[in-house]
Amino acid sequence: MQAKSPLARVVVHAVLLCGSFLFLFPLFWMITTSLKPVEETMLTPPRWIPSVWRFDNYVQAVTYGSQALGYIPFFEYGKNTLLLCVLVVTGTVVSNALIAYGFARLEWPGRNALFGLTLATMMIPFPVLMVPMFVLFKHLGWVGTFRPLWVTAWFGSAFNIFLLRQFFLTIPRELSDAAVVDGCSEFQVFRHIILPLSRPALAVVALFSFLYTWNDFLGPLIYLNDQRMFTLSLGLQFYQSQAGGTEWHLLMAAATIVVLPIIVLFFFTQRTFIQGIAVTGMKG
Amino acid sequence: MSKPLRIGGTLVLAALLYIGFTRGPQAAPRDGRVHITYWEKWTGFEADAMRAVVKEFNRSQDRIFVEMLTISQIDRKLLLAAAGGVPPDVVGLWSMNLSAFADRQVLHPLDDSLTRHGIRRDDYIPAYWDLCEYRGRMYALPTTPGSLALHWNKKLFREAGLDPERPPRTIEELDEYAERLTKRDERGHTVCMGFMPNEPGWWNWSWGHYFGGGMWDGSERITADCPENIQGFEWARSYSRKYGVQNVQLFRSGFGNFSSPQNAFLSGKVAMELQGVWMGNFIDKYAPGMEWGAAPFPYPAGHPELAEVSYVEADVLCIPVGARHMDEAFEFIRFVSSQKGMELLCLGQRKHTPLAQVSPEFIAQHPNPYIQVFIDVAKRTRTFSGPKTPVWSEYQNEMDAAFDEIWLGQAGAADALGRVRVRMQGRLDRALAAAARREDRS
Amino acid sequence: MTEFRRRQVRAGLAFISPWLIGLGVFLLYPIIASLYYSFCDYSVLDRARPVGVANYAELGSDKLFWKSLLNTLFYAAFSVPLGLCLALGLALLLNSGVRGLTIYRTIFFLPALVPMVALAVLWLWIFNGEYGVLNSFLSGLRVPAPGWLTDPAWSKPALVLLSLWGVGYAMVIFLAGLQEVPVHLYEAADLDGANWRHKLWHVTLPMISPVLLFNGIMGIIGSLQFFAIPYIMAPNGQPARSAYFYAMYLYDNAFLYLRMGYASAMAWILFLLILFLTLLSLRLAARYVHYEAG
């Protein structure tokens, strides 16, 4: 519906501007608090702009850590998180593309039933799987390592299979048929025809799984013991004091560091992101 | 993608896969020694004190090397690690964790090692030795003890017209003093509370003890809502009622970090606080020059038999089940528990020692001027600690939740505590049955 | 079977082989195992001991189970509808042809990207009763400022408010849906003399009803598993367990009290609840949702 009258236009703009302010304000607050000296963090009424810009809060957060726990190896956590992200994203894209191809472009008995079963599994809440998976990994001796956090990504996930299968179905049959006539194996069709045409969909899968892994909290919480192996989301918790009271300026600095890469990534990949979300919603 | 890029990319991926697969807790260097991992909860100067002991141990012999790691939320982490099959060799827990962990067979009983090395109950202040015992077996040795006393801010006393050298002796006096010490500003905003039962809030469940109450009968009956407990909680509630729930909650949410000059007691926001023997250390570090005193917590007037009641707890060292080097682990624990090791550690942490014997230099050198108060209350018979039952952590959570309800005026003490009793009695009955079954089987 | 067909079958199975492992080992096995555990007393440090329906029976009389369930239902009942309304409202505004669509869309979507941990600590700060910026706003407007996370009556509303900040995802999906609505339907409505309210009710909503359904179901499933944020912002559901949610109690039972059988029983109940609500939604959908048939 179009807003035709000028009055309607103005009202819409006003509401949107108001909304934007409300939505952006917490992030703005996070950044300004991260740059304040500690005395200014707990003032009533609050200071909107720091009187002194303490960029060294960031240095402190990353090198010294928190008073409660001492040194927090932030860079270490960043490396761990990146490692996991790369492994998960690669595994997700590779495995789900292969699997979705099997569902979309090949015919074999039981295919549709299995796909239906796959869809059904999307409804299973994580808590149901949590305990047996933990027990399984314990018996494998994988608790305390990174393996439970990325190996499963290499074996497919229902949501991504669904997404990619829907996309693969839209690629015209003639292209793959022509390749087969020319003597290509299925894998060659997959690699040389389907994959290049699926860049947008694959990008969406990659971005979503990156975001998910970067933000993952419960997985690292359960499986990682050695603090040197923690991820950024776990590490952020350390700035919260157990005994009461928190160093807000350091905590906000650390939080900003954790949020920033995602926002930067988003700015560069906006269109793909939005497209991807739209597609999932539409076909769902 | 061009060929070199693809090859390069594949190599990088292979490298990352390798790292992702093999990365685990750091492997021990090969130097002929047995390497044992030791998880400890302490940070800051408390950790430094233990590190000095670890260093001394590593230096004094060349068969064993102890690697100490600082772990936060150590009780939770130990559970996860034990459940996951990857526990450390030595772990530093709190005495209140022992029952639950021992019951769940997370910890090794130490009786054999203790007898072999000749370590006996008489070597310790009884209260602390008993903390480490569960169902007739010893599961830990205490390292640093803790007893409580009422700390007060002498300067604020003076300003309120109270004698700074005379702490309140009865609960009624405490209430009176608190009233005189509480200050508000022109807007009605609290700027100083004389006393806050929920600051620091670590022992919210325990207020009944000071009135003669207790958590259970020692074996099978939960007494959460016995009359003395109800009295204690209603007394605590009187504070939120008198000073206004909203007011107090708001005031509290503005407290700074415990380990900083913005600590509520250190910054003069709370004039009297029930705290442990470690507090002197924090005062020295973050508010040097503060005038303070410590005395046993007051008793209800007319009940002198309840004088000098103190909560006792201890940090303890245990060996989890599944530890790879049990004998070496015990050797380290034994070293820490020796007179020399213990005094080094406790002096460093500015606490008293759990050992029965104390060298006179220890007391003379001790930086805490009130250390004798803490030693004395620990030796009394009316000390208490959390009940030694595996349901204690849930019981404690329930008590904390009940305290909240009572404090916020959501429920009466009898009602809230009664509900806790009903729930926990069921839990306790079941836990006792399970323990009996397990003992029958073994 | 022809050679071609055989090749397809072989290839098909080869391509989906990772999924066979993924489905079997990481999905079906855990589902069956957790069902088995739910009928056992299991602490993972000891063997599982079957106890029949004791876990389920105990849950029935477990006050904390009901409290956490009610807390979760309260949260879902408010955050899902409010979230949908807000997301749809924003999408409608953005779809009205205003300039700067991309910028606004980015702004509203950004919060949904923030990692949950960072989000939790940020809002912990914002909701702080004494120094929080939200209360400063409110006192500036002379509105009584509640204690939010220290007040049991306000802890859940605070979390609902927080959830509204993340409606970006749903908004983008709605926006895509709105852009698919055929223009000629609006033109026909205009010819019939409809005002914007009529157009909204009779054209827009029916046409995006599948999207509404999708977002609704996703919202329900997500809100019933609410964990990380309250875990960080309100440990143990403080104050007074007002913010103790189902997934938190489940996690505590599994990893704190080491009662994995009990936790598995809770997980299955959650599953059945989600199943029930999803089927209910689909049933309602059959009556109200229109798919573009032509």
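Modeller: In this predicted model, 30 residues of chain B are in contact with 30 residues of chain A. Two helices of chain B, helix 1 (3–22) and helix 3 (74–83), each supply at least two residues of the side that touches chain A. Helix 1 of chain B gives the most to that side, with six residues. Sorted by class, the side of chain B that touches chain A comprises 15 nonpolar, 13 polar and two charged residues.

The strand to consider next is strand 11 of chain B, which spans residues 312–318. This strand is mostly covered, seven of its seven residues being buried. In a regular strand, side chains alternate between the two faces of the sheet. In strand 11 of chain B, B:Val312, B:Ala314, B:Val316 and B:Cys318 point one way, while B:Glu313, B:Asp315 and B:Leu317 point the other way. The residues of both sets are buried, B:Glu313 and B:Asp315 among them.

Strand 11 of chain B also has pairing partners. One of them is strand 3 of chain B (residues 90–94), which pairs with strand 11 in the antiparallel sense over four bridges. Here B:Val91 stands opposite B:Cys318 of strand 11. Strand 6 of chain B (residues 141–153) likewise pairs with strand 11 in the antiparallel sense, over five bridges. In this case B:Leu141 stands opposite B:Leu317 of strand 11.

Methods: Residues are numbered from 1 along each chain as its sequence is written. Chains are lettered from A and ligands numbered from 1 in the order in which they are written. This is a predicted model: local features need pLDDT of at least 70, side-chain atom pairs count only at pLDDT 80 or more; totals for chains, interfaces and linings use all residues. Two residues are in contact if their C-beta atoms, placed from the backbone, lie within 7 Å. Ala, Val, Leu, Ile, Met, Phe, Trp, Tyr, Cys and Pro count as nonpolar, Asp, Glu, Lys and Arg as charged, and the others, Gly among them, as polar. A residue is buried if 20 or more other C-beta atoms lie within 10 Å of its own, exposed if 12 or fewer, and partly exposed in between; C-beta atoms are placed from the backbone. Two strands pair if DSSP finds at least two bridges between them.
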